[in-house]
Amino acid sequence: MPDPSFASVPDMLASLRPSYPVMCFWPERIAITARRFLNGFPGKVLYAVKCNPHAIVLKAMHDAGIRDFDTASLNEIALVNERFSDVSCYFNHPVKSRAAIDSAVRVYGVNDFVVDHPSELKKLIDIAGPGHIIQVRLRTPGGVATFDLSAKFGADEDAGVELLREVVARQSRPAVSFHVGSQCRKASAYGKAFEIVARVLDRAGVTPEYINVGGGFPVSDAEVKAPSLEEFFSQISESATRYGYLGKVPLLCEPGRGMVADAASLITQVHLRKDNQLYLNEGIYGSLSEIVYGDLRPPLQAIRLRGPLSDEMRPFTLFGPTCDSNDVVPHQFALPKDISEGDWIEVGGVGAYSNALQSSFNGFTTDTFVAIRGATPSALAL
Ligand SMILES: Cc1ncc(COP(=O)(O)O)c(C=O)c1O
């Protein structure tokens with residue numbers, strides 16, 4: 001059954017009157033951002049499925065012209081392939097099971113992989129055979145992004161040189177990748193990563209099939225405005241030019257957050273008010289965990305259909321639905337002083353790492369997803 005679509009959030013609320021949380025996507029907004037990447041990034045654009053694998057999101061990406069997907073697991077590879085027949089998946093997790101490699105190659109025809117350790121390289125070639133494109137993921141300096149993605153994965157320069165030589169020695173096709181960290185507000189981080197790439201490639205004496213600059217493109221929240229995507233594209237072009245790669249070595253990127261974060265809102269309902277404490281039907285064990293882990297300050301808007309809300313605001317503490325005392329948003333949010341049971345709160349800018357991360361702790365899960373027509377996410381456009 002196709003996901004229902006509505007003209008606006010109030011239209012959805014008037015129709016469903018939901019006592020359960022609803023995730024609203026703006027597919028046109030996703031398409032606009034995808035086209036910004038396709039037109040502005042100096043290379044091929046993959047979408048990082050892990051960020052939001054919902055069918056509405058994948059369809060919007062495909063409709064906008066995205067044909068390449070960064071996938072972390074066999075499940076994601078299957079999800080994409082069973083939906084579209086004209087796409088390529090890149091298996092860009094540096095640690096894969098033998099069974100997943102086997103099925104990726106033999107069932108789905110995957111040709112691109114990532115490694116960051118000699119044992120993974122051996123495993124990959126033992127199972128997949130030679131001839132595939134193998135990206136060596138390089139570690140980049142931390143401290144520039146909200147989520148450091150080089151603390152767990154990525155080879156240092158010496159190991160990267162050895163791995164690239166070994167890829168060639170094992171009759172496979174070398175490429176390079178890195179990830180500066182998710183929600184990286186400094187474009188210069190990509191410049192620093194290119195310095196590392198250039199040193200490693202020089203020392204290895206290898207010409208790569210491509211350089212994959214990963215994701216990391218940041219988004220604004222209600223308090224901090226992120227630099228524009230175009231600033232990042234310029235930095236990447238400049239760096240690729242400086243080291244003689246532009247026009248010679250293809251570039252790839254694989255954004256998640258930057259593609260979808262601003263294209264969704266979560267609609268949650270107030271189920272109880274105790275003074276300045278609101279008990280909601282969605283929380284940090286659900287689709288709102290990034291408020292804690294990403295220290296996000298999403299824009300909030302209260303909605304009441306039965307009449308107006310006060311213009312006067314006061315700070316509220318927001319509790320999620322589970323019985324765990326930790327299920328509380330760690331900072332307060334300003335909302336109308338007369339907000340009460342039955343009113344809804346729209347939490348904006350939650351397209352990234354929201355429903356993808358939710359648990360069903362205490363039996364609470366957001367399982368209603370709708371599309372909203374138009375390109376501007378409510379009054380919450382950042
Ligand atoms: C290998 C890889 N590529 C791309 C992404 C997407 O990153 P972002 O959402 O910061 O754009 C991630 C995120 O974890 C990742 O691990």
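This is a predicted model: local features need pLDDT of at least 70, side-chain atom pairs count only at pLDDT 80 or more; totals for chains, interfaces and linings use all residues.
**Entry 1: α2 against α9**

I started with helix α2, residues 27–40, and helix α9, residues 229–242. Their axes sit 10 Å apart, and the packing angle comes out at about 25°. Angles under 35 degrees count as roughly parallel, so I put α2 down as roughly parallel to α9. The crossing of α2 past α9 is right-handed.

Next I looked up who touches whom. From α2 I listed Thr33, Arg36, Phe37 and Gly40, and they meet Leu229, Glu230 and Phe233 of α9. By type, the contact of α2 with α9 has three nonpolar, two polar and two charged residues.

**Entry 2: α2 against α3**

I stayed on α2 and turned to helix α3, residues 55–64. Here the axes are 8 Å apart and the angle is about 45°. That makes α2 and α3 oblique to each other. I noted a right-handed crossing for α2 and α3 too.

On the α2 side I found Pro27, Ile30, Ala31, Ala34, Arg35 and Leu38. They meet Ile56, Val57, Ala60, Met61 and Ala64 in α3. I sorted the residues of the α2 contact with α3 and got 10 nonpolar, no polar and one charged.

**Entry 3: α8 against α9**

Back to α9, this time with helix α8, residues 188–204. The two axes come within 8 Å and cross at roughly 20°. I therefore logged α8 and α9 as roughly parallel to each other. α8 passes α9 in a right-handed crossing.

Ser188, Tyr190, Gly191 and Phe194 make the contact from α8. Their partners in α9 are Phe232, Gln235, Ile236, Ser239 and Ala240. How many residues of the α8 contact with α9 are nonpolar, polar and charged? I got five nonpolar, four polar and no charged.

**Entry 4: the ligand**

I then moved to the ligand and its surroundings. Which of the 15 residues around the ligand come nearest? My list reads Ser182, Glu254, Gly256, Arg257 and Tyr353.

I also wrote down some polar atom pairs. For lysine 50, an N or O atom in the side chain is 3.3 Å from an oxygen atom of the ligand. For aspartate 70, a polar side-chain atom lies 3.0 Å from a ligand nitrogen atom. Glycine 216 uses its backbone: a polar backbone atom there is 3.0 Å from an oxygen atom of the ligand.

**Recap for myself**

α2 is roughly parallel to α9 but oblique to α3. The α2 contact with α9 includes two charged residues, and the α2 contact with α3 has one. The contact of α8 with α9 has no charged residues.

Terms used. Residues are numbered from 1 along each chain as its sequence is written. Side-chain values use heavy atoms; hydrogens and water are left out. Axes are lines fitted to C-alpha atoms, for helices over the stretch in contact, and angles run from 0 to 180 degrees between N-to-C directions. Helices (H or I, at least four residues) and strands (E, at least two) are DSSP runs, numbered from the N terminus. Angles under 35 degrees count as roughly parallel, over 145 as roughly antiparallel, 65 to 115 as roughly perpendicular and the rest as oblique. A crossing is left-handed if the near helix is turned anticlockwise from the far one by less than a right angle, and right-handed if clockwise. Contact means heavy atoms within 4.5 Å. Ala, Val, Leu, Ile, Met, Phe, Trp, Tyr, Cys and Pro count as nonpolar, Asp, Glu, Lys and Arg as charged, and the others, Gly among them, as polar. A residue is near a molecule or strand if one of its heavy atoms lies within 4 Å of it. A polar contact is a pair of N or O atoms within 3.5 Å; within protein, one must be able to donate a hydrogen and the other to accept it, and residues adjacent in sequence count only if both atoms are side-chain atoms.
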